Amino acid sequence: MAIRLNIAALGGVGMTSARTRARLVERLKAQGIAHSAVLAAMAEVPRHGFIDEALAHKAYDDLSLPIGFGQTISQPYIVARMTELAMGAAQHEKVLEIGTGCGYQTTVLALLFKTVYSIERIGGLHKAARERLSVLGVHNARLRHADGSKGLPDAAPFDVIIITAAAPILPEDMLPQLNLGGRLIFPVGEAEQELRQIERTCEGFVETRLEKVNFVPLLPGTV
Ligand code: SAH
């Protein structure tokens, strides 16, 4: 793994929750997640440290949970699924995440990629994620408070771009920010959403339509 997390910094629950995370990993396997490094990362990241203490007892259920500001932490299955798709890219040097939220997926990606860039439009979430990742020792993530709806041209190209909020239409501006062999993984739609992947190949961009999903909307501007 690219980094080691300082789980002890979260306090005593870290150790006992390792068993609970092992059960989460068994469930992810039963749901079809097969990539061993992805499963290892899901076993490593203490999801309870990313949500309010009052909800911590639900941290390892396969649920999305509120993180404040009307936003949610994605359910573990979808984080594992998108990360597994990301690992199918030709290289694992630079990944861009749009929608840091609480920083959970950022941390999973930080274990698997050399550098993670992550953009969040809500200042309060960005700040809290920055503090949390610093405590955990995630030093290979670069967090920005900005509108990520056009990607991050000044740090491009990326091996993977993951969007964790749904746009009504395909975010075309991000395609030129992909390396050859790179992948854009994103939910698209409004009431009905679908997960999609676009891969940059020698012959051009190849789109694959995946399962139905349910994400918060990708919104313009910063707050
Ligand atoms: N990756 C997170 C999911 C957070 S939910 C996880 O691990 O659970 C999606 C996040 O996308 C929200 O925090 C929302 O504020 C953010 N978001 C929505 N539109 C955005 C935009 N245009 N730029 C950056 N972040 C955005």
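Q: Leaving aside its neighbours within four places in sequence, which residues is Gln 105 in contact with?
A: Welcome to this predicted model! Gln 105 has its place in helix α4. Setting aside the neighbours within four places in sequence, the contacts of Gln 105 are Val 79, Met 82, Thr 83, Glu 97, Ile 162 and Thr 164.

Q: Is Gln 105 buried or exposed?
A: Buried means a relative accessible area under 20%. The relative accessible area of Gln 105 is 5%, so Gln 105 counts as buried.

Q: How far from an oxygen atom of the ligand does a backbone N or O atom of Gln 105 lie?
A: The ligand has 26 residues around it, and among those that come nearest are Ser 74 and Glu 120. Gln 105 takes part through its backbone: an N or O atom there lies from an oxygen atom of the ligand at 3.0 Å.

Q: What share of the area that the ligand exposes alone does the protein bury?
A: A polar side-chain atom of Asp 147 lies 2.8 Å from a nitrogen atom of the ligand. On its own the ligand exposes 570 Å², and the share of this that the protein buries is 99%.

Q: Which residues touch the most other members of the largest nonpolar core?
A: In soluble globular proteins, nonpolar side chains tend to be buried together. Here the largest nonpolar core has 53 residues, and those touching the most other members are Met 42 and Tyr 104.

Q: Which element gives the largest share of this core?
A: Several elements each supply at least two residues of the core, including α1 (13-30), α3 (76-87) and β6 (158-163). The largest share is 8 residues, and they come from α3.

Technical notes:
Residues are numbered from 1 along each chain as its sequence is written. This is a predicted model: local features need pLDDT of at least 70, side-chain atom pairs count only at pLDDT 80 or more; totals for chains, interfaces and linings use all residues. Side-chain values use heavy atoms; hydrogens and water are left out. A nonpolar core is a set of buried Ala, Val, Leu, Ile, Met, Phe, Trp, Tyr and Cys residues joined through side-chain atoms within 4.5 Å. Buried means under 20% relative accessible area, exposed over 50%, partly exposed in between (1.4 Å probe, protein chains only). Helices (H or I, at least four residues) and strands (E, at least two) are DSSP runs, numbered from the N terminus. Contact means heavy atoms within 4.5 Å. A residue is near a molecule or strand if one of its heavy atoms lies within 4 Å of it. A polar contact is a pair of N or O atoms within 3.5 Å; within protein, one must be able to donate a hydrogen and the other to accept it, and residues adjacent in sequence count only if both atoms are side-chain atoms. Accessible areas come from the Shrake-Rupley method with a 1.4 Å probe; for residues, only the protein chains shown count as cover.
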